[in-house]
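I opened the model and kept notes as I went. The entries follow the order in which I looked things up.

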Amino acid sequence: MTRILGLIDGSPYAQSVCDHIAWIAGKADVTVDLLHVIGRRDLASEPVNLSGNIGLGARTALLEELAELDAQKAKVAHKRGRLLLDEAKARLNEAGVANVETKLRNGDLIDTVLEFEANADIIVIGKRGEGADFAKGHLGSNLERVVRSTHKAIVIASRAFKPVAKLLIAYDGGSMAMKTVDQVSRSSILDGLGCKVVMAGADTSENRKKLDDAAIILKAAGYAPEVALVQGAADKVISDMVEKEGFDLLAMGAYSHSRLRSLFIGSTTTEMIRSCKVPVVIFR
């Protein structure tokens, strides 16, 4: 039985998260935990400067009014979270997914995900959250934090789900990339998909051998993989191939750069997630 942790918020991606979970459920027996986390910024009022010529009585009355406002916001946030979860559960039930539980929590999203991931096999999250700038194509503020923090495979849902038939594996020949190929070869969920392995780099005998090694593993699992070695920046090579050749899903390893390094040069992983308009599955 595969246990899925689905992260639900108020963005348009919440429906897509449910649809991607339903797709997984069509490939394996699943139980689903739908999680909505009410963050601290959803509850607290804006800070108010109480310095200056405000009398003690007026200041006390204002503090009491702010406390009442915070209590009202908490009640509304809880009711909204429950509605979001109930709608998500109903969507999954309509899609034939029966084993669905909902969980509503207050606190930090990452701390809560780490608490629940121990019992999960796969985490599903939308590419952008309700706080993202959709016009500029920004990723959700919590997405990178979740991907960097979790120890589980994670499916990053695109804006809208479409049937998955063709899988592209981003490959650099490193240990994490080889682990990704190995996990794809073992996955019943990905079994039967058309498959291609792409490496961005120089056309050398070493790189060709690395691609051949990946193909051998996939062929042993029943795939008939294509391989491609293309010169250029990995994010550009892969996003172009996804679009031009009509791939439905991108598989890749987790971040290979340190957090400090990514602050200065950016992360190839983040850029590929941002630029590719298909769901991405990241293996740890």
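**Entry 1: a helix on the sheet.** I began with helix α1 (residues 13-25), which lies across β1 (2-7), β2 (30-38), β4 (122-126), β5 (153-157) and β9 (249-253). It runs at about 150 degrees to β4. Helices (H or I, at least four residues) and strands (E, at least two) are DSSP runs, numbered from the N terminus. Axes are lines fitted to C-alpha atoms, for helices over the stretch in contact, and angles run from 0 to 180 degrees between N-to-C directions.

**Entry 2: ground rules.** I noted that this is a predicted model, where local features need pLDDT of at least 70, side-chain atom pairs count only at pLDDT 80 or more, and totals for chains, interfaces and linings use all residues. Residues are numbered from 1 along each chain as its sequence is written, and side-chain values use heavy atoms, with hydrogens and water left out.

Entry 3: I turned to helix α5 (residues 175-186), which lies across β6 (166-170), β9 and β10 (280-283). Its angle to β9 is about 130 degrees.

**Entry 4: the sheet.** I traced an open sheet of 10 strands with mixed pairing, in the order β3-β2-β1-β4-β5-β10-β9-β6-β7-β8. The twist averages 20 degrees from one strand to the next. Two strands pair if DSSP finds at least two bridges between them.

**Entry 5: β5.** How many residues of β5 are buried? I found 5 of its 5; buried means under 20% relative accessible area, exposed over 50%, partly exposed in between (1.4 Å probe, protein chains only). Ala153, Val155 and Ala157 point one way, and Ile154 and Ile156 the other. β4 and β5 run parallel, joined by 5 bridges, and Gly126 stands opposite Ala157. With β10, β5 pairs in the antiparallel sense over 3 bridges; there Ile156 stands opposite Val280.

**Entry 6: β7 and β8.** I checked strand β7 (residues 194-200), which runs parallel to β8 with 5 bridges between them. Val198 has Ala228 of β8 as its bridge partner.

**Entry 7: Arg145.** I looked up Arg145, in helix α4 (residues 143-149). Arg145 counts as partly exposed because its relative accessibility is 33%. Its side chain makes a polar contact with the side chain of Asn142 at 2.8 Å. A polar contact is a pair of N or O atoms within 3.5 Å; within protein, one must be able to donate a hydrogen and the other to accept it, and residues adjacent in sequence count only if both atoms are side-chain atoms. Not counting residues up to four places away in sequence, Arg145 touches Asp108 and Ile110; contact means heavy atoms within 4.5 Å.
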